[in-house]
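Please consult the sequence and the structure while following each solution.

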Amino acid sequence: MTRALYEIETIEGDDGTMHPVEQLWTPSADDAVDSGFVAHRGLYVSGIDDATDDHLYPVGFIVLGHQPWADVIEAAGAYMARVHGWRNLHLYPGDDPAVLIPRIPRAVHTHGVFLRHPHPDHGCGCEWDDTWRMVWAPATEPGTMAITAMRHPAAPATAASLPDPDEGAPATRAP
């Protein structure tokens, strides 16, 4: 028996029955846009933060499905322009444009599970209502979705906590 990489939290109802607090969520076109993804030339991209900090700007990007590296960079640039009003992907808004960031991180193909809070049949009224989170998972886990992920070029290399294909994570480099 293998240990799951994610678990759905439960809460006890008034009648003593356990109900899921979250549900597996597979974003569709309208759902994805309503949940913070930006549609760009048929791709759905969102900026992500790492688990340890609350950054003003994204430290990484995810695109639904497996996409070529160049398309992910273009979509990430479109996300920064649309959400943060900034066209230069290599800097954060307010950074000194004279500072060159020479590295463009490669995108990786991986999989994840989206958990939406709360379960629609068992709302809890907490601050997390109608939010979602993503957990990296192997393709064999139930409910996984193909994702292409890329660290923001201006973010520290360790900031986005993206799966690393060089360290045995369930990911491969995007072409």
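The model is predicted, so local features need pLDDT of at least 70 and side-chain atom pairs count only at pLDDT 80 or more, while totals for chains, interfaces and linings use all residues. Residues are numbered from 1 along each chain as its sequence is written, and side-chain values use heavy atoms, with hydrogens and water left out.

**Exercise 1.** Describe the setting of Thr148.

*Solution.* 
Step 1. Thr148 belongs to strand β9, residues 145-151; helices (H or I, at least four residues) and strands (E, at least two) are DSSP runs, numbered from the N terminus.
Step 2. Thr148 is buried because its relative accessibility is 0%; buried means under 20% relative accessible area, exposed over 50%, and partly exposed in between (1.4 Å probe, protein chains only).
Step 3. A polar atom of the Thr148 side chain lies 2.8 Å from the backbone oxygen of Gly65. The side chain of Thr148 also reaches the backbone nitrogen of Gln67, at 2.8 Å.
Step 4. Leaving aside neighbours within four places in sequence, Thr148 is in contact (heavy atoms within 4.5 Å) with residues including Phe61, Val72, His109 and Ala174.

**Exercise 2.** Where is Arg41 found, and is Arg41 buried or exposed?

*Solution.* 
Step 1. Arg41 sits in the loop between β4 (38-40) and β5.
Step 2. Its relative accessibility is 68%, and therefore Arg41 counts as exposed.
Step 3. The phi of Arg41 is near 50 degrees, a positive value in a residue other than glycine. Most residues other than glycine have a negative phi.

**Exercise 3.** Characterise the second largest pocket.

*Solution.* 
Step 1. On a 1 Å grid over the protein atoms alone, a pocket is an open set of points where a 1.4 Å probe fits, with protein on both sides within 12 Å along at least five of seven lines; lining residues have an atom within 4 Å of a point.
Step 2. The second largest pocket holds about 340 Å³ of space. Of its 17 lining residues, Arg151, Ala157, Leu162, Pro163 and Asp164 are the closest to its centre.
Step 3. Strand β9 gives the most to this lining, with 3 residues.
Step 4. The lining divides into 9 nonpolar, 2 polar and 6 charged residues; Ala, Val, Leu, Ile, Met, Phe, Trp, Tyr, Cys and Pro count as nonpolar, Asp, Glu, Lys and Arg as charged, and the others, Gly among them, as polar.

Terms used: Polar contact = N/O pair within 3.5 Å; in protein donor to acceptor, adjacent residues only side chain to side chain. Points joined across faces, edges and corners; volume = space filled by probe spheres on them.
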